[in-house]
Amino acid sequence: MVFRKLPGVSASGMGLRLSQKFVFLLFLSGLVTLCFGALFFLPDSVRLKRIFLPKSDNQAVTVGSENDVREHSKNMREQTAKGDSTTKLKILSRKQSVTHEARTVERSVGNKPPEESNPPRTKPEPGGKARESVTRGDRVTTSTQNGQNKDNFDFEKFKRCLLKAPLGSDNGKPADPQTLQRREKVKEMMKFAWDNYKRYAWGKNELRPLTQNGHIGNMFGGLRGATIIDSLDTLYIMGLMEEYEEAKKWVETDLDLNSNGEASLFEVNIRYVGGLLSAYYLTGAEVFKRKVLELGEKLLPAFNTPTGIPRGVINLGSSGTSWSWGWASAGSSILAEFGTLHLEFVHLTELSNNPIYTEKVMNIRKVLNKIEKPHGLYPNFLSPVSGNWVQHHVSIGGLGDSFYEYLIKSYLMSDKMDEEAKSMYYSALEAIETNLVQKSPGGLTYLAEWRGGILDHKMGHLACFSGGMVGIGADDGPQEKRQHYLDLAAEITHTCHESYTRSATKLGPEAFRFDAGAEATATRLSERYYILRPEVIESYLYLWRLTHDPKYREWGWEAVEALEKHCRTEGGFSGIRDVYSSVVSHDNMQQSFFLSETLKYLYLLFSDDDLLSMEDWVFNTEAHALPVIRKSCLQPETGTQDANKSTTE
């Protein structure tokens, strides 16, 4: 019997009166409706897919809460052994330390699904045959076919297309003795940071200067040597050639790209892809080109989503599985991550002669241009499945920042031919001015954050790059607004400088606020730290080159003195936990971007403008120098094309 007799209820009619039957059926129908209805409110109907589709059809998804970011708890992940035919990974909810761009202090990465089936990659074959990499629908041919190189990039012709020598007429050496002395000090700081990394952490990703050991982390999917890759172009432009050759040799012999771990698409792109691209364009060393094209292929599966918007985490192994950060709302992708690929991917197409990289990032623009922007603003979270915004949180700091930076830099890097990037940038800047730019009672200009129409009067250190961004875009804006943009850039940079001068250490906090009587000051304990970030100094550099106002060099020197006094330790440079405390507590981490960005920007600030001239180069968001692409110059000459055609015929 399905129903048991209940006390006090007759057995006839299953022991239920008519009114009781009605209540019971009403309850049962409500329960069924609730259970099935709930499935349709889950992010991207993921659980419906798991129930009704075979495992091999499952999309990579996430489980997690945005609140995980704030909790700063750390979980470990476990991984099971391989199965008979398909590798199945069992990932527990875990935290991942991240410290740049969309780089909040902690990232929570959600549960990872079983790996999707994936066609195998074929390895290079002897005899000059074509190498093919098939990544779930994307065919990527990157080497030779019929004995003829298909990705041959004419480096010598590229160099002739530059307006100035990359290192300037005299390696950017300034004539002023004091400026030269300051530049030499920055160079010494770079050598000190490098030497300690080499001594205590060689081959690891970053240095722990207090404990004098290396740090690997789990942000790069098993890749090693992040500090080495990030330092290549800095060492080269500073003339530290012995150290550069050490780094180059490590890339040749020890940089193993055949890892099988989970990596941040964003971080691998800006540090490894950007660093290798920059090293190649500056030196012409083929090893950098070979490595970056191999790595570029491994990133393509992240774009295999219904919209083509890439997910934030990718397995760099043969599976190519990708998924979203667990803390990102409803399995969304992050604006500052998928929006910070364009510069590097366009150059991957240039070097490989394969359009797939440019096609991937152009599709991102296509999706963004189709959807409605609230008040013209771009929220930070977008579903890679539906192509719709997930939350209406807008920030020019973390989670949003470098998306806007890459719009104006894409325009500049295209030799000012990319009109779509230009239009998107100035439209976004207009919306930012209308909705986010604020003036404090004390006269400081700052960029607030926007949460569904409500302003949060907070500005992050990451947002301080925007002074430089607005500055480099000023000259190409509408004629009547060009001086206004330059003034706005100077005002934002001044505010960020104030966040430094108002601290005991003369270094800026992670975030500062303009509420409850505070101005350009961190009011929360969790926002008082400094992790060797470069964004304020970045804006000093751009404003110096645009205006040659000597105050920017003075502000840069103030930063050098503060770094030396508070961040230099016996074993390297370290971030500090409280910029307002005269008793310094170090965080025991020499970030790779300190060598890539902070010290590079300082060195360029005290150099002549022809060292990596802004006419020829743009910097990616990790300060890796990428050249302006002059298509008219790089195209083969008509006579050469005709000759090749005749030979073929």
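Ser 333 stands opposite Leu 382 in strand 13. That pairing belongs to a predicted model, where local features need pLDDT of at least 70, side-chain atom pairs count only at pLDDT 80 or more, and totals for chains, interfaces and linings use all residues. Residues are numbered from 1 along each chain as its sequence is written, and side-chain values use heavy atoms, with hydrogens and water left out. Here's a quick tour of a sheet, a surface patch, the disulfides and some salt bridges.

**The sheet around Ser 333**

- Two bridges join strand 12 to strand 13 (residues 381-382), and these strands run antiparallel.
- Strands here are DSSP runs of E with at least two residues, helices are runs of H or I with at least four, and both are numbered from the N terminus; two strands pair if DSSP finds at least two bridges between them.
- Three strands make up an open sheet in the order 12-13-14, with antiparallel pairing.
- Strand 12 (333-334) and strand 14 (389-391) sit at the edges, each pairing on one side only.

**A greasy spot on the surface**

- Phe 24, Leu 25, Phe 27, Leu 28 and Leu 31 form a nonpolar surface patch with about 480 Å² of accessible area together.
- To join such a patch, a residue needs over 30% relative accessible area and no salt bridge; nonpolar side chains (Val, Leu, Ile, Met, Phe, Trp, Tyr) are joined within 5 Å, like charges within 9 Å.
- Areas come from the Shrake-Rupley method with a 1.4 Å probe, and for residues only the protein chains shown count as cover.
- Phe 27 lies in helix 1 (residues 18-39) and is exposed, at 55% relative accessible area.
- For the labels: buried is under 20% relative accessible area, exposed is over 50%, and partly exposed is in between (1.4 Å probe, protein chains only).

**Disulfides**

- The count comes to two disulfides, taking a pair of cysteine sulfur atoms within 2.5 Å as a disulfide.
- Cys 161 and Cys 633 form one of them, with sulfur atoms 1.9 Å apart.
- This pair links distant parts of the chain, 472 residues apart: Cys 161 is in helix 4 (residues 155-161) and Cys 633 in helix 20 (residues 631-634).
- The S-S torsion of Cys 161 and Cys 633 is about -90°, so that disulfide is left-handed.
- Cys 161 is buried at 7% relative accessible area, while Cys 633 is partly exposed at 29%.
- Cys 464 is joined to Cys 496 by a disulfide (S to S 2.1 Å).
- Cys 464 sits in the loop between strand 20 (458-460) and helix 15 (466-472), and Cys 496 in helix 16 (residues 482-501), 32 residues apart.
- With a torsion of about -95°, the Cys 464 and Cys 496 disulfide is left-handed.
- Cys 464 is buried at 0% relative accessibility, and Cys 496 is buried at 1%.
- Numbered in sequence order, the bonded cysteines pair 1-4, 2-3.

**Salt bridges**

- The whole structure holds 32 salt bridges, each a side-chain nitrogen of Lys or Arg within 4 Å of a carboxyl oxygen of Asp or Glu.
- Glu 420 and Arg 365 meet in a salt bridge (3.1 Å, N to O).
- Glu 420 is in helix 14 (residues 419-435) and Arg 365 in helix 12 (residues 356-370), 55 residues apart.
- Glu 420 is partly exposed at 33% relative accessible area, whereas Arg 365 is buried at 4%.
- Asp 456 and Arg 513 also meet in a salt bridge (3.3 Å, N to O), and both residues are buried.
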